[in-house]
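Please keep the sequence and the structure in view while reading.

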Amino acid sequence: MIDNFTPAPFTDELRAAGVPAELHDWLGRMGVGALVVKMGIHFLEMSPVRMVATMPVEGNTQVAGILHGGAHVVLAETLGSFAAGMHAGPGRRALGIDVSATHHRAVSSGTVTGTCTAIHLGRTLTTHEIVMTDERGRRLSTARITNLLRDAPE
């Protein structure tokens, strides 16, 4: 008997990004996004309350050889938006309406870890704080994102 099962188109992308198998149904039709792949973001924990991911400094630097400030924001927005999307649940989507970041320290090599913590998980709004640290645990930046939760179009 031939198995006609066809995996979701982004299964390999989800596995490479560290997305747990139990979340593949949720992200299987859209993947993690081209920017997440390009930046090398790898998820370690995924829940609406706490989300953790890493990102390499190499390949994400600015001309001065340090991690680009925008890369900090990409990691922060990715974590906050994914956490908000998980909180929104099936048939709903999270839309970022505000993101801000304060940069505390530069980093020129290694891996950055972003830890996203829920501040508010409401019916129509979520707010998360994201702290980026270096391999020694030193705070590099602090970001905050607010997402609007809406029903997804049919």
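For 154 residues, a compact globule would have a radius of gyration near 15 Å, and the protein agrees with this because its own value is 16 Å; the radius is taken over C-alpha atoms, and the globule rule is 2.2 Å times the number of residues to the power 0.38. Along the principal axes, the C-alpha atoms fill a box of roughly 55 × 40 × 25 Å. This is a predicted model, in which local features need pLDDT of at least 70 and side-chain atom pairs count only at pLDDT 80 or more, while totals for chains, interfaces and linings use all residues. Residues are numbered from 1 along each chain as its sequence is written, and side-chain values use heavy atoms, with hydrogens and water left out.

Of the 154 residues, 39% are buried, that is, under 20% relative accessible area with a 1.4 Å probe, protein chains only.

The protein has four helices and six strands, which are DSSP runs numbered from the N terminus (helices: H or I, at least four residues; strands: E, at least two). From the N terminus on, their order is α-α-α-β-β-α-β-β-β-β.

Strand 4 (residues 111-121) has two of its pairings described here; strands pair if DSSP finds at least two bridges between them. With strand 2 (residues 50-56), strand 4 forms seven bridges in the antiparallel sense, and P56 stands opposite T111 there. With strand 5 (residues 125-133), strand 4 pairs over eight bridges, also antiparallel. In that pairing T117 has E129 as its bridge partner, and a hairpin of three residues joins strand 4 to strand 5.

Definitions and conventions. Buried means under 20% relative accessible area, exposed over 50%, partly exposed in between (1.4 Å probe, protein chains only).
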